[in-house]
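This report describes selected side-chain and helix contacts in a predicted model. The sequence and the structure are shown first.

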Amino acid sequence: MSSTLTSRPTAHPDTTQDTSQDTSQDTSQGAGQDATPATGATGRTPSQDPVAATASPSSPVYPLGWLRALAALSVVTFHAYQNNRSGPDSAWPFSGIGHQLMGGTDLFVDMFFVLSGLVLWLPIARAAERGVASRSGRTLLYRRMARLLPLYVVLVLLVWSLTNPTFPGHWVDLVTHLTFTHIYSDQYIFWTNGPAWSLAVEFHFYVLVALSVPLVNAGVRRATTRRGRLAVASALPAALVVVSPVYLAWAMLAGVPHTDWSTWFSPLSRATDFGLGMGLALLAVAGVRLGGAARGALLALGLGALLALVITRPLSVAGEWWHPLYALAICVALSSIVLHDGPYPSWLSWRPLAWLGGLGYGIYLIHEPVMRFLGSLGLFPDPAPGWRFLVTAVLVAVPSVALAWVSSRTVEAAGQRMLGLMERDGSPRDFYAHLEEPATAGSRRA
C-alpha cells in the first residue's frame, strides 16, 4: 500500500490497482526444507501446509496458517473499500479514524513477508544449529517455485490475454510479470494483476536465500561451537533488518515522490520484514522459550503496538517508515506462538480456519481479477459513503474462495506433483529403483 491514501496509481487502464501483498500471501506461504510425511494439525501434509512444512520430528508445528486467510480477506475488504470511492473528488467511504483503520490493512502485507522469512529460514537455522548442511539452495528455490509459480503464471497469462486481445498488446507488461521484474517499472508494477508486485518481492528474497545457503553451510563447517554456528545463521537476517531503514532514509532525503511506485514497493523497502521473520526463526532454534505470562504480555504488546501504529500513521511519504515498525510489532505478537512448544489453543487448529488458511495464497492472487470481472458486469452497488463497500467485499470474496479451492485441487496441485520428481536431498527421483534390485540379485545367481 502506498504511503499516501489520497493518491493511488492505476493498476491497469480499466481497473483499480493492488496496494497490498501476497503472499503471500502464501505471501507468505512458505515451504520449509525439513518437511516430514506426518500430517499436521491442519489435516494436510506438510507439502500442502506451508507452516507445517517446516516441522521436523523434534520441532513443533506452528498453527499459523490461518493468518494467511485473515490477511488475504483483509486485503479483499480493503480493495472493496478502495473500489467504493465516490463523488467528483473520489472521496473514500470513511473519514477520520475509520479511514485510518482501513488504510492500516496494509500491515497484513508486512505480515506475509514476516511469515515467509520465518518459514524459509527455520530449516536453514535448524541445520546450522545442529552443525549439518541444509538442503541446497537449488532445492529450496525449486520447492518454492513449484508451490507458487503454477497459479501465478496461469493468472498472468489469462488476465494479460483477456486485457490485450490485439497483438502484440503490452508485451513488456507480460515479459516483466513473467520475469518478476515489473516491480522495477512505475508503469507496469500494478498492471495485469496488482497483487503480483508482492510475489515479485518474495521471489527476489527466495533467490537471495537460495544463494546464501552455500555460504551458510561453509560458515557452519568452520564454526566450532553452537554459538558460532548460530552467529553464522544470523548474518543475513541482521543485514536485511538494516537494509530497509537505510534505503528509506536515502529515498526520503533524495525527495523521491510517493508516485514512484518502484521505489516504495521494491525488495529493498521490505527487506526488514523478511529479516525480522528470519530473526524470529533463529530465536526459536536457539531454544528461546517463553512462559504463559510472558507470551500473553508479548501478544498484548504486539497487538497494541499495531493498533497504535495504524492510528498514528501519517498519510504521507513519511508513513513508509511504518512498514518496518509493523513488521517488528508483528514479530512481537507472533513470538507468543513461535517461542512456545505447545500445546496451542485448539481454536488455532480449527479445521475451517486451517482450510481457509490453505487457500490464502489463491484468494489473495485471484481476488483482483474477480473484482475486475464482476465490476465489468455491473454487479457491484454504486459507490457511496459508508458501509456499502462490505457488499462488494462479500461479492468478491465468495467466488475468490471458490476459485482458490478449485486452484488448490488443480493448478496448484500440479505444482505439488512436480516435487515428486526429486528426493528430499534434491537429487532426481529414481522411479525404477524397485526394478533394479531384482535384476541385480538375478545376475548374482547366474
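## Salt bridges

The count of salt bridges in this predicted model comes to four. One of them joins Arg226 to Glu129, with the closest N and O atoms 2.7 Å apart. Arg226 belongs to helix 7 (residues 226-253) and Glu129 to helix 3, so this pair ties together parts that are 97 residues apart in sequence. Arg226 is partly exposed, its relative accessible area being 35%.

Another salt bridge is formed by the side chains of Arg147 and Glu412, at 2.9 Å from N to O. Because Arg147 lies in helix 4 (residues 137-163) and Glu412 in helix 15 (residues 411-418), the pair ties together parts that are 265 residues apart in sequence. Arg147 is buried, with a relative accessible area of 6%, and Glu412 also counts as buried, at 7% relative accessibility.

## A salt bridge between loops

Arg289 forms a salt bridge with Asp341, and the closest N and O atoms of this pair are 2.8 Å apart. The two residues link distant parts of the chain, 52 residues apart. Arg289 is in the loop between helix 9 (271-285) and helix 10 (292-312), while Asp341 is in the loop between helix 11 (322-338) and helix 12 (351-358).

Arg289 counts as partly exposed at 35% relative accessibility. Asp341 is likewise partly exposed, with a relative accessible area of 45%.

## Packing of helix 1 and helix 3

Helix 3 (residues 107-130), which holds Glu129, packs with helix 1 (residues 65-83) at an angle of about 150°, and the two axes are 9 Å apart. The angle makes helix 1 roughly antiparallel to helix 3, since angles over 145 degrees count as roughly antiparallel. The crossing of the two helices is left-handed.

On the side of helix 1, the contact is made by Leu67, Arg68, Leu70, Ala71, Ala72 and Ser74. These residues meet Phe108, Met111, Phe112, Leu115, Ser116 and Val119 of helix 3. The residues of this contact divide into nine nonpolar, two polar and one charged.

Phe205 is placed in helix 6 (residues 196-222). Phe205 is buried, with a relative accessible area of 5%.

Which residues are in contact with Phe205, leaving aside its neighbours within four places in sequence? They are Leu240, Pro267, Arg270, Ala271 and Phe274. Phe274 is 69 residues from Phe205 along the chain, and their C-alpha atoms are separated by 8.0 Å.

Terms used. Residues numbered from 1 in each chain as written. Predicted model: local features only at pLDDT ≥ 70, side-chain atom pairs only at ≥ 80, totals over all residues. Heavy atoms only, no water. Helix = DSSP H or I, 4+ residues; strand = E, 2+ residues; numbered from the N terminus. Buried < 20%, exposed > 50% of the residue type's maximum accessible area, 1.4 Å probe, protein only. Contact = heavy atoms within 4.5 Å. Axes fitted to C-alpha atoms, helices over the stretch in contact; angles between N-to-C directions. Parallel < 35°, antiparallel > 145°, perpendicular 65-115°, else oblique. Left-handed = near helix turned anticlockwise from the far one by under 90°. Nonpolar A, V, L, I, M, F, W, Y, C, P; charged D, E, K, R; others polar.
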